[in-house]
Amino acid sequence: MLSRPLRRSVRAAVSAAGIVLVTLGVAVPAGAQAGDRAAPSGVPRAVARLAPGVSLTTIRAGHPSATEVWTVTVAIPGGGAPPSPDPDAPQTVLAPRADADALAGKLRAAGFAPRVERVDNPAYADLPAGVLGWRVRIGRFTDQAAATAESTAVKAAGFLPSVDYTGDDGHPTTGPWRIRVLRIDPRRFTGTVRASYGAAVAGRQRTSEIAAADGALAAVNAGFFVISPDDGIPGEPAGIGEYDGTLDSEASNGRVALLLDHNHARIAALSTRLLLRSDDGSRTVLDGINRKPGLIRDCGGVGGDQPTQGPLQDITCTDPSEIVQFTPALGEATPTGPGTEATLDAHGRVTSVGARGGAVPAGGSVLQGVGGGAAWLQAHAAVGRRLQVGSTVHDGSNHPVALHPGLDIVGGGPWLVRGGRPDVDVRADGIMHPGDPSFMYGWGVRRNPRTMVGVDGHHRLLLVTVDGRQPGFSAGMTLGEEARFMRSLGAVDAMNLDGGGSTTMAIRGRLVNSPSDSTGERPVGDVLEVSAPRS
């Protein structure tokens, strides 16, 4: 459960914002709306009415605990994933007990005093509680500088240390927390809530920059995206991206997504089915949209991708035989490399076939093939021939989702609340990596900055950020804490969006939260915007 200080502050803050919290014993007058009530004195939060039907609640809760300390965690050699260019990627710090004991022995021989600690995971919807692994740590320090000095000595001895704050470990803590809750009531708000990738699908921009350029009233970062060129095109969505009725990125099949249809929101697991047909009667699977052929960030693709066709967070699956479509939304030249490229006009007629790399024509598209995909294009994409792309989106019940203007879709994961109950599927959503418990530990069990979205029982949209990785300022949340917090806000359905250093909220183009990256606000792939009606 949430700690008592957080529950008390959340109860007071969201009560003032007009939410009925049966689970916390809070009731407000019938018909009360966000921002209608003044805040009682002494409550660590503020409620601001941004527009009719739109409120921002800022919660400052909890306090630093005297029992939390700084410590040095030492990476355990062997196992886990290779080093990642993603700044949020967890280190390999958990292993079986025997491996942890062996590392501790080497550290003792080098003159250090390590301890071996068991790490448990809580129960999730599809993963029972149990032992996740064992970690090796050195020292308990009251200040970060002392821990950093010890870490330097450990590194000099040939080990791979990191400095951690125990308040981030996931055990009960007193905080503190810095939380912001945007609440949008579609019955009263006459503006628009939409997804935006900014200037182009390719490339990254800061949430505040996109919001300022679009004149948005408020914005938060949205889905996962590619950071490194080794994983695809930087800025492209890692999963589904559909903007104003146009599908610009395929789904990580089976992962949860947010659908916004003229301000009415719902959350569902989605999959895409893409097919390419030639006017000679041939057809084949289209593997993706606006991404590098052969690289599938967060996996969940089709056609024999390795190591899996299921979702796998922060892993780039590969497939040497693919066809990928590029649309004008890409915003830059298509990627170069081995394979074949066919350029199509607005009617789907092939205007050229050649090497990969070039501009996407306005109103047209480009198809790139590698391996068997290149062979198919060479056989069926002759100049003058017409090619047709068919795309459908289906939800978890296999019901089709009709794409139309005014509909936006962004991906994320995992589920947090489903049908009014906390429901986190860490295996199905690819958070629990086979053979790598360190990822689950660092990404889900430990506290991190988070961005969340939910829909409450009154069909109001909740956009939530919590700052993290800032000891003494804000502790972040675990996946379980996210789920319980969103439920406490009245969410009937809720999901996790991109977090870590990506967590950002802007109000009228100005950043209002405290991102965790040392460089400040991180450029992201897409955002969710709340825009007031134009006068």
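Strands are DSSP runs of E with at least two residues, numbered from the N terminus. The model used in these exercises is predicted.

**Exercise 1. The second largest cavity**

Find which strand gives the most to the lining of the second largest cavity, and describe that lining.

Solution. 
1. The volume of this cavity is about 80 Å³.
2. Its lining consists of 13 residues, and those nearest the centre are Pro 237, Gly 239, Glu 250, Arg 291 and Arg 297.
3. Strand S16 gives the most, supplying 3 residues.
4. Sorted by class, the lining has 6 nonpolar, 3 polar and 4 charged residues.

**Exercise 2. The largest cavity**

State how much space lies in the largest cavity, and identify the elements that each supply at least two residues of its lining.

Solution. 
1. The structure holds 6 cavities of 30 Å³ or more.
2. The largest of them contains about 250 Å³ of space.
3. Its lining has 25 residues, with Asp 86, Asp 88, Asp 314, Trp 443 and Asp 498 closest to the centre.
4. At least two lining residues come from each of strand S16 (295-299), strand S17 (311-318) and helix H6 (437-445).

**Exercise 3. Two aromatic pairs**

Classify the pairs Tyr 197–Tyr 243 and Phe 224–Trp 443, and locate their members in the chain.

Solution. 
1. The structure holds 4 aromatic pairs.
2. For Tyr 197 and Tyr 243 the ring centres are 4.8 Å apart and the planes meet at 85 degrees, so this pair is edge-to-face; the cut-off for that class is over 60 degrees.
3. Tyr 197 lies in the loop between strand S8 (192-196) and helix H4 (207-214), and Tyr 243 in strand S10 (residues 241-243), so the pair ties together parts 46 residues apart in sequence.
4. Both tyrosines, Tyr 197 and Tyr 243, are buried.
5. For Phe 224 and Trp 443 the centres are 6.2 Å apart and the planes are at 50 degrees, so this pair is tilted.
6. Phe 224 is in the loop between strand S9 (218-221) and S10, while Trp 443 is in helix H6, 219 residues apart.

**Exercise 4. The surroundings of Trp 443**

Decide whether Trp 443 is buried or exposed, and name the aromatic cluster that holds Trp 443.

Solution. 
1. The cut-off for buried is under 20% relative accessible area.
2. Trp 443 has 11% relative accessibility, so Trp 443 counts as buried.
3. Phe 224, at 7%, is buried as well.
4. The cluster consists of Phe 224, Phe 439 and Trp 443.
5. Over the ring of Trp 443 sits the charged end of Arg 450, 5.7 Å from the ring centre.

Notes. Residues are numbered from 1 along each chain as its sequence is written. This is a predicted model: local features need pLDDT of at least 70, side-chain atom pairs count only at pLDDT 80 or more; totals for chains, interfaces and linings use all residues. Side-chain values use heavy atoms; hydrogens and water are left out. On a 1 Å grid over the protein atoms alone, a cavity is a set of points where a 1.4 Å probe fits but cannot get out, and a pocket is an open set with protein on both sides within 12 Å along at least five of seven lines; lining residues have an atom within 4 Å of a point. Grid points are joined across faces, edges and corners, and a volume is the space filled by probe spheres set on the points. Helices (H or I, at least four residues) and strands (E, at least two) are DSSP runs, numbered from the N terminus. Ala, Val, Leu, Ile, Met, Phe, Trp, Tyr, Cys and Pro count as nonpolar, Asp, Glu, Lys and Arg as charged, and the others, Gly among them, as polar. Rings of Phe, Tyr and Trp (its six-membered ring) pair if their centres lie within 6.5 Å; planes under 30 degrees apart count as stacked, over 60 as edge-to-face and the rest as tilted. Buried means under 20% relative accessible area, exposed over 50%, partly exposed in between (1.4 Å probe, protein chains only). A charge sits over a ring if NZ of Lys or CZ of Arg is within 6 Å of the ring centre and within 35 degrees of the ring normal.
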